[in-house]
Amino acid sequence: MMVTRLQIVEKGIACRCPNCGGRTLFAPGRLFKVNEACSSCGMQIEKGDGAFLGPFVINYTVTAFGFVLPVFGMFLAGWIGMVPTLFASAVAALLLPLVLYRLSWAWWLTLYYFFLPENLPANLEGRGVDDE
């Protein structure tokens with residue numbers, strides 16, 4: 001059954017496998033351990049060295065541009081002082097990447113397969129193409 005771009009986005013928002021929709025992106029009971037492959041459908045999640053760079057960039061971008069820079073903007077505008085700015089930025093820089101870790105993996109897979117839906121194993125079936 002073909003997986004559409006809308007289904008890919010829906011599964012990404014729910015932090016599910018973009019191929020089968022299973023809750024299999026992460027190892028059970030391990031907060032920060034990404035599975036190499038989906039245990040339901042076998043789709044490769046971690047594709048080798050450098051696979052973490054996409055989620056890393058998403059996580060960094062959301063942390064820096066979504067929180068830290070706006071806090072500094074408020075400081076420059078005179079809305080908050082130096083100590084609250086440094087404190088809020090330090091807390092955000094340390095905690096937000098941890099909070100966003102799982103989401104950044106799901107968002108990365110969503111972006112990747114949104115633009116390359118033909119690479120999903122479910123979309124390869126019946127086309128005479130070997131699984132990845």
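Biologist: Which residues form a nonpolar patch on the surface?
Modeller: Leu-31, Phe-32, Phe-87, Val-91, Leu-94, Leu-95 and Leu-98, with about 720 Å² of accessible area together. Areas are Shrake-Rupley with a 1.4 Å probe. Mind that this is a predicted model, where local features need pLDDT of at least 70, side-chain atom pairs count only at pLDDT 80 or more, and totals for chains, interfaces and linings use all residues. Numbering runs from 1 along each chain as its sequence is written, and side-chain values use heavy atoms, leaving out hydrogens and water.

Biologist: Is Val-91 buried, exposed or partly exposed?
Modeller: Partly exposed, because its relative accessibility is 32% (buried is under 20%, exposed over 50%, partly exposed in between). Val-91 lies in helix α3, residues 82-99; helices are DSSP runs of H or I, at least four residues, numbered from the N terminus.

Biologist: Switching to Asn-35, where is that found?
Modeller: In the loop between α1 (5-13) and α2 (53-76). Asn-35 counts as buried because its relative accessibility is 16%.

Biologist: What does the Asn-35 side chain reach at 3.4 Å?
Modeller: The backbone nitrogen of Ala-27. A polar atom of the Asn-35 side chain also lies 2.8 Å from the backbone oxygen of Thr-24.

Biologist: And where is the kink in α2 centred?
Modeller: On Ala-64, at about 30°, taking the angle between axes fitted to the seven residues ending there and the seven starting there. Ala-64 is among the buried residues of α2.

Note on methods
Helix = DSSP H or I, 4+ residues; strand = E, 2+ residues; numbered from the N terminus. Buried < 20%, exposed > 50% of the residue type's maximum accessible area, 1.4 Å probe, protein only. Polar contact = N/O pair within 3.5 Å; in protein donor to acceptor, adjacent residues only side chain to side chain. Patch = residues over 30% accessible without salt bridge, like charges linked within 9 Å, V, L, I, M, F, W, Y side chains within 5 Å. Salt bridge = Lys/Arg side-chain N within 4 Å of Asp/Glu carboxyl O.
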